[in-house]
Amino acid sequence: MTEEIADVGRGISLAYERIGDRGADPVVLVAGLGQQLHSWPDAFCAQLAGRGFEVVRFDNRDAGRSTHPRFRPPSLLGMLAGRFPPEQYDLTDMAADTVGLFDALDLETAHIAGVSMGGMISQTVAALHPTRVRTLTSIMSTTGSRLLGRPALSTLRMMGAKPPRTREEAVESAVRMFRHIGSHGFPFDEAFVRELAGTGWDRDPTSGGVGRQLAAIMKSGNRTAKLRGITAPTLVVHGDRDRMVHPTGGAATARAIRGARLETIRGMGHDLPEGAWPTVLDLIDKHARSSDVPAS
């Protein structure tokens, strides 16, 4: 797993890794809000590659070692009121970054799977760039409707905490958050969460990117009408214990996309616990292989 940097156009560079055989069918994994490429765990990616895929994972803009814009993120009140700085990007821009990575890696088409905000980006790629997406897997994500897929009030209160100032604070904050939003139907792996958060701090100790990414989601609004135009075979995966994106978000996504299939994983929250990996890997694998679109 060798990390590299790709120029994806419009002044944006993305850090990425390729795992598996270069000639295999590509699966591009898109990370969630404030998450970095390693939020798709090494062993998960290795197991997916072992099923005969080339796995690509990357840092979205404003995360990890990818490009971070320098403007100040808008306040939450400003976002709710629809007031954004002129430099503020949206999910369409982040989808264009992803397609730019396809281009940089000479991937004419690929399977795409995204978690949470990564699911929103993946949906947008499939909606706006239909010829590039072989299959879409949207995991623990939603449509952008403010009425559906809403976080629990307890989750919103935790999200309002001040950003960490040190590596230790970042690790402890991650443990608190994932104890809350994680998969209560599976064992909690505190050591893994600590390792993930520590690596994230080492790669990128900044905090403004989370606010700008959240603003990108808010600026994009309700994307239901856009999702109705998706033609790629679509799988929607959601846990029934999700406190960050209520399961109504997954159900709404499946309703919005013609022919989409919804799979609910009992006990799963807003993370990828190792106990759920066999199910998630099987779902992505079988969905990708069910596509009649030939490899490029």
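**Note on the predicted model**

1. In this predicted model, helix 10 covers residues 247-256, and its buried residues are G249, G250, A252, T253, A254 and A256. The elements that cover these buried residues include helix 4, strand 6 (133-139), helix 9 (224-227), strand 7 (234-239) and strand 8 (261-265).

2. Helix 7 may be read in a similar manner. The helix runs over residues 190-203, and V193, L196, A197, G198, G200, W201 and R203 are its buried residues. Strand 2 (12-19) and helix 6 (167-181) are among the elements that cover them. The length of helix 7 can also be checked: at 1.5 Å a residue, its 14 residues should span 20 Å, and the C-alpha atoms at its ends are 20 Å apart, so the two values agree.

3. The residue S116 is placed in the loop between strand 5 (110-115) and helix 4 (117-128). Its relative accessibility is 10%, and S116 therefore counts as buried, the cut-off being under 20%. Not counting residues up to four places away in sequence, S116 touches G32, I139, M140, S141, V245 and H270.

4. Because its relative accessibility is 30%, G34 counts as partly exposed. Leaving aside neighbours within four places in sequence, G34 is in contact with V210 and Q213. From G34 to A104 the separation is 70 residues in sequence and 23 Å in space, C-alpha to C-alpha.

5. As to the overall fold, the protein chain contains 11 helices and eight strands. Its radius of gyration is 17 Å, close to the 19 Å given by the globule rule for 296 residues, so the chain is as compact as a globular protein of that length. The C-alpha trace spans about 50 × 45 × 40 Å along its principal axes.

6. Of the 296 residues in the protein chain, 54% count as buried. Among contacts with a separation of 6 or more, 77% are accounted for by residues 24 or more positions apart.

7. The remaining points concern surface and charge. The accessible surface of the protein chain comes to about 13200 Å², and carbon and sulfur atoms hold 51% of that area. The chain carries 35 positive and 33 negative side chains, with the centres of the two sets 9 Å apart.

Conventions
Residues numbered from 1 in each chain as written. Predicted model: local features only at pLDDT ≥ 70, side-chain atom pairs only at ≥ 80, totals over all residues. Heavy atoms only, no water. Helix = DSSP H or I, 4+ residues; strand = E, 2+ residues; numbered from the N terminus. Buried < 20%, exposed > 50% of the residue type's maximum accessible area, 1.4 Å probe, protein only. Contact = heavy atoms within 4.5 Å. Expected span 1.5 Å × (residues − 1). Rg over C-alpha atoms; globule rule 2.2 N^0.38 Å. Areas by Shrake-Rupley, 256 points an atom, 1.4 Å probe, with all protein chains shown as cover. Lys, Arg positive; Asp, Glu negative; His and termini not counted. Charge placed at Lys NZ, Arg CZ, Asp CG, Glu CD.
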